[in-house]
Amino acid sequence: MIKARITVTLKNGVLDPQGKAIEHALTAMEFGGVGSVRQGKVFDVELAESDRAKAEADLKAMCDKLLANTVIENYQVEIA
Amino acid sequence: MKSAVVLLPGLNRDRDMIAALTKISGKAPVTVWETDTEIPDVDLIVIPGGFSYGDYLRCGAIAARMPVMRAVAEKAAKGVQVMGVCNGFQILLETGLLPGALMRNQSLKFVCREVKLRVETANTSFTRQYQPGQVIRTPVAHHDGNYFADPDTLARLEGEGQVVFRYAEGTNPNGSINDIAGIVSAKGNVLGLMPHPENLIEDAHGGSDGRALFVGALGLPDTQPAHA
């Protein structure tokens, strides 16, 4: 069993209205010095697979084909 | 001319779309489900609006991976006209039949109101009943209509005349780049748009500006011109 965490974030230059709203809220809550907030997604995936290289290739394919929209998002795969 | 409407769990504009196609063409469209792998021979396939699969993951992301969308892609490759409205537009983008992405509205608010659209080109089967530059009324109702494409894609869309509808007169409801409301594929047979032309096709709707889009796409003679 392999456990992996996939983090999907918006690419630089892609406007993130939700991140902006959170940033404004934090500032309104008087947390000082909040320069910028970008919102993303986290997926924890368990794979019935023992070969790490195969798991990594599969996880990347999952990101490319479904978990991330590579027009606007980057992803990062971390295997525990 | 025959049409088909794609049905997916969570869509809610399918009835309006079926009513519009039936009223305008005089023939009810065939309906296909998300698990169907084949679509009958039709001239126009429509993916209506709504919230397929609850907008989980990203709007249209799950629907785009359903078997019916492979069948839609095969038909599109053969030149069959495909139109996606609202969630249907999002699904076409997620399927890769159109370029770019639709993001959360800049205001973060769901917008449900009427906007003005400028018809940028009459050079598509969908818009040939309009005049280029004509401004029409249409309702919008969406939370994720903020069109985005990388600079190269955007330049290509603009350069090749693939931007078909633009929000006009300062009515951009979502922050969409270049005020883009609707685009067609490079071959011109796949159209995606956020507004709902199916909700403005007869006087009972308060106007019929959307009717000409269906008349054009269905290849019908313009028997009932839109009221000014």
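Reply: Two residues are in contact if their C-beta atoms, placed from the backbone, lie within 7 Å. By that criterion, among contacts in chain B between residues at least 6 apart in sequence, 72% join residues at least 24 apart. The model is predicted; chain B has an average pLDDT of 95, and 97% of the residues score at least 70. For the model, the scores are ipTM 0.84 and pTM 0.92.

The secondary structure of chain B consists of five helices and eleven strands. The radius of gyration of chain B is 16 Å, close to the 17 Å given by the globule rule for 228 residues, so chain B is as compact as a globular protein of that length. The C-alpha trace of chain B spans about 40 × 40 × 30 Å along its principal axes. Of the 228 residues in chain B, 54% are buried.

Helix 3 of chain B runs over residues 87-95 and is mostly covered, with nine of its nine residues buried. A residue is called buried if 20 or more other C-beta atoms lie within 10 Å of its own. The buried residues of this helix include Phe89(B), Ile91(B), Leu92(B) and Leu93(B), and also Asn87(B), Gln90(B) and Glu94(B).

What, then, covers the buried residues of helix 3 of chain B? The cover includes helix 2 (67-77) of chain B, together with strand 3 (44-47), strand 4 (81-85), strand 5 (101-103) and strand 11 (190-193) of chain B. Just after the helix, Gly96(B) adopts a positive phi of about 90°.

Strand 6 (residues 111-119) of chain B pairs with strand 7 of chain B in the antiparallel sense over eight bridges. Within these strands, Val111(B) stands opposite His142(B).

Conventions: Residues numbered from 1 in each chain as written. Chains lettered and ligands numbered in written order. Predicted model: local features only at pLDDT ≥ 70, side-chain atom pairs only at ≥ 80, totals over all residues. Buried ≥ 20, exposed ≤ 12 C-beta atoms within 10 Å, placed from the backbone. Helix = DSSP H or I, 4+ residues; strand = E, 2+ residues; numbered from the N terminus. Rg over C-alpha atoms; globule rule 2.2 N^0.38 Å. Pairing = 2+ DSSP bridges. pLDDT = per-residue confidence, 0-100.
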